[in-house]
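Please look through the model below with these numbered notes beside it.

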Amino acid sequence: MQCKDIPDGVFLDAVRRSPAVGGVGWRMSWDVHAALEFLVGPVPVNLFYAKARKLIARGLLGGCACGCRGDFHITADCTGGQCCCGIN
Ligand SMILES: [Zn+2]
Ligand SMILES: [Zn+2]
């Protein structure tokens, strides 16, 4: 499996399906990973973060793909503040 085998929309759908935390709609990386695997089957963690980095680079996803908790969110839902949108 490669990045291109995970459609952008499916990854973003996994973000939406994951429980929001902190009252600002951010999702933990492990919750998004679990939701993604529910949708497409097993995804290696390095591939999960590689896909997240690509979406962040293209402005479709906010958060951090360094391997931390992520704080992933749909860019359109971004509330700003301490958000790490566009930085990874
Ligand atoms: Zn990070
Ligand atoms: Zn953001």
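1. Two residues are said to be in contact when their C-beta atoms, placed from the backbone, lie within 7 Å of each other. Leucine 55, to take one case, touches Asp8, Phe11, Leu60 and Leu61, if residues up to four places away in sequence are not counted.

2. Some care is needed in reading what follows, since this is a predicted model, in which local features need pLDDT of at least 70, side-chain atom pairs count only at pLDDT 80 or more, and totals for chains, interfaces and linings use all residues. Residues are numbered from 1 along each chain as its sequence is written, while chains are lettered from A and ligands numbered from 1 in the order in which they are written.

3. The protein has three helices and two strands, and from the N terminus on these elements run α-α-α-β-β. Helices (H or I, at least four residues) and strands (E, at least two) are DSSP runs, numbered from the N terminus. Among contacts between residues at least 6 apart in sequence, 46% join residues at least 24 apart.

4. A residue is called buried if 20 or more other C-beta atoms lie within 10 Å of its own, exposed if 12 or fewer, and partly exposed in between. Of the 88 residues of the protein, 30% count as buried.

5. In helix α1, which spans residues 8-17, Phe11, Ala14 and Val15 are buried. They cover an arc of only 100 degrees around the axis (taken from the directions from the helix axis to the C-beta atoms), which puts them on the same side of α1. An α-helix has 3.6 residues a turn, so residues three or four places apart point the same way. The cover over the buried residues of α1 includes α2 (29-40), α3 (45-57), β1 (61-62) and β2 (73-74).

6. How do α1 and α2 meet? Their axes, which are lines fitted to C-alpha atoms over the stretch in contact, with angles running from 0 to 180 degrees between N-to-C directions, come within 8 Å and cross at roughly 125 degrees. That makes α1 oblique to α2, given that angles under 35 degrees count as roughly parallel, over 145 as roughly antiparallel, 65 to 115 as roughly perpendicular and the rest as oblique. On the α1 side the contact is made by Val10, Phe11, Asp13, Ala14, Val15 and Arg17, and on the α2 side by Val32, Ala35, Leu36, Leu39 and Val40.

7. Leucine 55 lies in helix α3 and is buried, with 22 other C-beta atoms within 10 Å. Although leucine 55 and threonine 75 are 20 residues apart in sequence, they are 9.9 Å apart in space, C-alpha to C-alpha.

8. Leucine 61 is found in strand β1, and 27 other C-beta atoms within 10 Å make this residue buried. Leaving aside neighbours within four places in sequence, leucine 61 has contacts that include Leu12, Val15, Ala52, Leu55 and Phe72. The C-alpha atoms of leucine 61 and aspartate 77, which are 16 residues apart along the chain, are separated by 9.5 Å.

9. Aspartate 71 deserves a check, as its place is in the loop between β1 and β2 and its phi is near 55 degrees, a positive value in a residue other than glycine. Aspartate 71 counts as buried, with 20 C-beta neighbours inside 10 Å.
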